[in-house]
Structure formats: structure tokens, C-alpha cells
Amino acid sequence: MLKEITMLAVVFLFLSCSTTDEEPIVIANPQIGVDIPLNFPEFNAAVYANRPTQYGVALGEELFFDVRLSTDNTIACASCHMPGNAYADHNVQGVGVEGRIGLRNVPAIQNLAFMNFYNWDGSRLQLENQSLVPIITHEEMDSSILEVMSKLEGDDTYTEMFRNAFGDAEITPERIYTSIAQYEYTLISANSTYDKVIRNEGVAFTESEARGYETFQQKCVSCHSTELFTDQSFRNIGFPVNTSVDEAGRARVTGDMDDYMSFRVPSLRNVEYTAPYGSFGQFETLRAVLDYFDDGVLDADNLDPIFKNNSNRIPLSELEKEDLIAFMKTLSDAEFVSVLND
Amino acid sequence: MKNIKQILFLALTSIVFISCGNDDDIPAANNITLAFHNTFGDETIVLGDATSETATVNTSEAGQVHHFSEVKYVISNIVLVQADGTEFPYYINDLDNGATVVNVADASTLNYVLTTIPSGEYTQIKFGLGVRSDLNTLDEVSFPEFYALAGANDTEMHWEWGTGYRFTKIEGFYSADDLTLSVHTGSTVEGTQGDESTYTQGVDAYRGITLDLTTNAVVGSSAPTITIKADFDKLLSGQTNTITLGDNNATPSVHTAANMELFVDNLGGDGTNDVNGMFSVENVEN
């Protein structure tokens, strides 16, 4: 019965199409140039298959801030990925509809166009496959893509935005996923004090920042490398363990127990804005993280060799800690945070 | 509009006439019912909570007593095979019509009726435990009925973070202290499988099962029932792995790919040495 109705509906569609004489109005939808900042790595290959366009990005941004993506219209992507916090928040773990607590700390989302793995465990390899997860997850938006689509249908704003972005007003899951990804691809942070120093734009480190940069290169850069400030590897660095049965770190995806409780090295860009720290917000401050490294981390069979070879710790003096924090704050991109705050 | 209704009506009625005009005695097609008998060995599983006195209790090879409070699994990709090797795929690319969730707590899910199976003698059945990776995308637009069935509050067979379905969900208790046992399986595969130019990662709990029928299922005048036993004793005491819960062998709560394959290979076979897993044909009633 349902099928027959569907068939009739399809026939209807064709009928209604054939009765209109109007030519669809084609709106120019130019690609947005997304430049690769100096010394940044290549784009994720998926970017080339889904190049940001003017109206694709506009639509993605509208969706990103739309609470109707959640079942009770209370949570948008931006509710947890808050622009003023470099798209992280200040909760220990993510908070979804009805105050439900998620498994992990909300990661900052910036420079995603250059990342090859998404989420703490790298479960997604391209952003287009990511946005369905929070939409349907019980502790996040607890909705479904059909529920979302039904809310957007008939909204004149979206009718126009989908038409501008894709040539017609049809709302499809793929269009929702690709436009959100396009918007996220444009969130590039590369204008911190650090960047201006490196680019010789007339800015210099303070003495403390300069010392911190030196310490950073000795004691941190083997993981927080490249201009992304992460080598995108997965490592168990002996942080306090999330005992939820849903957590296994990278092994959650790979099934390989050598990856147990390993997490993707987080970028340090804008780290000043994204406390607390750790996969489930174990540390309130940067200082607490550095103290933990200095005191010694938890042992594990698969503890990262850099820790294993150094008595499970990164020794840091009081001055080194202060300087490192000063340096990390030079990675703050006030422009990125404030522009997006508007 | 009226025309279309008429065309549809004509088309439907002509199909009916064509199928009726085939033969006087033996219909061109009939149903096959798959009856899932969920057991520990020969004993039908009765579910129960931690303190239940009626739940069926099983003892593993390693000596661990256990019982279940919840058992669910997905069956899809069903293919019926005739003696001459002719295969009849049953909506294998259509989860709405060709996949189901067996829920031990819900008797109505234990019998899955396959409709309009061409008349003939069938000697073998193949099916999947779980959902084949190309269909395992939580595509609600293409398969709204299966999506809703699997996602219902009393079913909970969406594996949201993997954007796929749960393939099996087993909850229960083990040891004298009734410690929690919880095994969820699914797929964490991401990337284009078979395309060597792209990076692919993850573990797939989907398993293809092949069972020879004990008696040929004769579809035609009769509508056979094939009773398939799912012996959950195999969970901990399988052909592939003997599992001891709670030590270095395996954690008793598996909600991720970590340790998942130990259980999956027991339930669904390892795909090479074992293509039956916990399943066998108990009988065929014609």
C-alpha cells in the first residue's frame, strides 16, 4: 500500500513538473577560494570532491546554528561547538538534549580541511560522514535525518538556500551533510601571534614566549608537530582513563588492543579557549596538564614509547611550565574567535 | 490523475491474472517461514534479570555460569538455493523488505515470513548475521521501515557512532555475583573497501552464514517452515574461541571494536573455517 502511494506521489511529481513552463532560475554559485596557509599540509582529499561554494557554505552555516537539528529543538551544532571557544565548549563532556552527558570532551573544530581523521578516535575519515552522528546520537541531538528534513521543508529560508546552493530546492541528507562540511572547511585559524612571528609580520615573542617555544621544540613537538600542532597520530599517553564501557580510544574503531585508550593528538591552536582538557575533560587547566606530565603518567602496555623511555614522564621545571603556557597562548587566534562570535 | 489510477489498476490486475493463469494445482510461489529457535544447547532461552529464578542458566566451557536479560540480532541478505545451485536472493538490497531484527523478548519477531518464493525444492539457505557493509549506513531515506524497526526504543539496534546498525545486542549476567555481561557488535569500517588508493579502517562484524537444510524445503503447494537454531552457548564456547570473561582474555562488556571479533567469530563464524557460527537447521516442515 505504502509503495502504491509512493508511486502515485512520484507520478504526481512528474505531473506537476510538466505543467510549469517556468525555466528554473540558475543562480551563480561560485566556489570560495580556500587558501592553504603557509606551511600547512595538504587538504584532506574529500575537500576536492566537495569544494566550498558561496551558497553551500551559507547553507552549512545556517544548519550549523539551527537548533532544529535536535529532536526537541534545543541543541544546534554550535551549542557545543561554540565559536567564541574556537568551536569547543567549557563542559567536561559534551551536553546534549535534556542535559544528557556524552562520552567525551567536545573537540575544537578548526583547520578541519587539513585533517585526515576526525573525532578523538579518528572514527571518521571525511567530514561529510560525520554530521549524521551527533544528529542521531541519544546523548547529543537524538533526532533522525528524516525528522530534520521534515522540519526544514516548507521553511522559505531553506527553500531559497538549498536552491541557491544546489540548483533546486530539494532537501536531501547528502546536501545537508555536504553543506555543513563545506562550512566547516572554511573555519581556518592561522592568524595567531605565533603565525605572525613565523611570517615576520612585525610581531615578536616576549622573552617568556620565546623560551616557551624553545622548550616546546624540545619536549612537545614530537607529537604536536606541523603547523596544525598535531601529527594526527593516535597515542596512549597515560592520562586518567574513562571507565565507560563505550570507551576504548582508537581501539574502539580498529579493534587493535595496541590502540587501546589511544587518542588523536589534539591540535594546540586556540588551546587557551578550550578548557577543560583531555578526552573526557580530565584537566581543568593547561597548568594541570603540565603538572601531570611532570609528575608522571599512568603506565600501560601500549604507553607511548616517548613516555616509556623517559620514566613515564616529561620533566618540567616551574619556569618551563610558565613559559610553555605563555607560548601556547601565542597560538590564540583572537580574530578567528571574534569574527565567528559576531 | 484518473488515468494514472486506471493504468495502475490495469497493471496490477494483469499481474494477478498472469500469476493465476500459471497452473491449476501448484501455485507459482508460496511462503517460507524462518523460525528462529534461540537456545543454550537444546534448551530454549528464557530471559531474566539479575535475580531471576526462571532464566535459563548456561555454563561455559571455562566454567562460567551466565544467563541473558536481552538478546537481539539482525538477519539480512537471505538467499535460498535449489538443488541445481539456482539461487533466489530475497530482497538482498532492500532492508525494508529483506531484513529483520530477531528479539528474543518479542515472540512475534521469532518467525520471519519470506513471501512469494518461487516454487521448487530448496536445499540450502544463506543469510547474513548483521548488515552488509554497503547497506550499513543508517540510510533512513532509502529504508525508513527497517531504520524505524531497528531504532525503536525497545529494540535499540542503531550503532550511532559507527553510523550503522548494531548486528547483535546481548545483555546478561555471569558468575555467582551476577556481574554484567554486555556484548554489542557492529561495523566500524570507514573508507572505500577494495579501493587501494584510499585508506580504509575498522572492523566488520557482519558474517555470512551458509546452512544445508536437513530436509529439502518444498515450496509450492506447501509453505515450508525452516527452524533455525541459534545456540548462544557458542558465545563463550565457540568453534573459534573459548572465552573467559573478566580476565585478560576478554572484557565482559564489549561496546566497541576492541575484543569484538572474539565474540563475533563465535556467533557468526570466522568466514573461513566456520560459516555456521551458532546457527544450524533444526528441522524443515513442509
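**Figure 1. Surroundings of Cys77(A) in the predicted model.** Beyond residues within four places in sequence, Cys77(A) makes contact with Phe64(A), Leu69(A) and Pro134(A). The coordinates shown in this and the following views are those of a predicted model. Cys77(A) sits in helix α4, which covers residues 77-80 of chain A. Cys77(A) is classed as buried because 26 C-beta neighbours fall inside 10 Å. The unreviewed UniProt entry lists Cys77(A) under "binding site", together with Cys80(A) and His81(A).

Figure 2. When residues up to four places away in sequence are not counted, Cys80(A) touches Asp89(A), Gly94(A) and Val106(A). Cys80(A) has 22 C-beta neighbours inside 10 Å and therefore counts as buried. In the unreviewed UniProt entry, Cys80(A) is one of the residues given for "binding site".

**Figure 3. The side of chain A that touches chain B.** The contact between the chains involves 25 residues of chain A and 25 residues of chain B. Helices α1 (2-19), α5 (132-136), α6 (145-152) and α11 (251-254) of chain A each give at least two residues to the side of chain A that touches chain B. The largest share of that side, 4 residues, belongs to α11(A). Sorted by class, the side of chain A that touches chain B consists of 15 nonpolar, 6 polar and 4 charged residues.

**Figure 4. The largest nonpolar core, with 136 residues.** The residues with the most contacts inside this core are Ile32(B), Val74(B), Val131(B), Phe167(B), Met260(B) and Phe263(B). Strand β4 of chain B (residues 65-82) provides the largest share of the core, 7 residues. Domain 1 (43-185) and domain 2 (193-339) of chain A both contribute residues, so the core lies between them. In soluble globular proteins, nonpolar side chains tend to be buried together.

**Figure 5. Contacts of Val74(B).** Val74(B) is among the residues with the most contacts inside the largest nonpolar core. With neighbours within four places in sequence left aside, Val74(B) is in contact with Ala99(B), Val101(B), Gly130(B), Val131(B), Met157(B), Tyr165(B) and Phe167(B). Of these partners, Val131(B) and Phe167(B) are also listed among the core residues with the most contacts.

**Figure 6. The two domains of chain A and the contact between them.** The domain assignment divides chain A into domain 1 (43-185) and domain 2 (193-339). The C-alpha centres of domain 1 and domain 2 of chain A are 26 Å apart. Contacts link 23 residues of domain 1 of chain A to 26 residues of domain 2 of chain A. The side of domain 1 that touches domain 2 in chain A has 11 nonpolar, 10 polar and 2 charged residues.

**Figure 7. Confidence and extent of chain A.** The average pLDDT of chain A is 92, and 91% of the residues score at least 70. For residues 1-20 of chain A the pLDDT is below 50, and this stretch has 3 contacts in the model beyond near neighbours in sequence. Where pLDDT is low, the predicted coordinates should not be read in detail. Chain A contains 15 helices and 2 strands. Along the principal axes, the C-alpha atoms of chain A fill a box of roughly 75 × 50 × 30 Å. Of the 342 residues in chain A, 44% are buried. Of the contacts in chain A between residues at least 6 apart in sequence, 69% join residues at least 24 apart.

Notes:
Residues are numbered from 1 along each chain as its sequence is written. Chains are lettered from A and ligands numbered from 1 in the order in which they are written. This is a predicted model: local features need pLDDT of at least 70, side-chain atom pairs count only at pLDDT 80 or more; totals for chains, interfaces and linings use all residues. Two residues are in contact if their C-beta atoms, placed from the backbone, lie within 7 Å. Ala, Val, Leu, Ile, Met, Phe, Trp, Tyr, Cys and Pro count as nonpolar, Asp, Glu, Lys and Arg as charged, and the others, Gly among them, as polar. UniProt positions are given in the numbering used here, feature names are shortened, and annotations may be inferred rather than shown by experiment. A residue is buried if 20 or more other C-beta atoms lie within 10 Å of its own, exposed if 12 or fewer, and partly exposed in between; C-beta atoms are placed from the backbone. A nonpolar core is a set of buried Ala, Val, Leu, Ile, Met, Phe, Trp, Tyr and Cys residues joined through C-beta atoms within 7 Å. Domain bounds come from an automatic or database domain assignment. pLDDT is the predictor's confidence in each residue, from 0 to 100.
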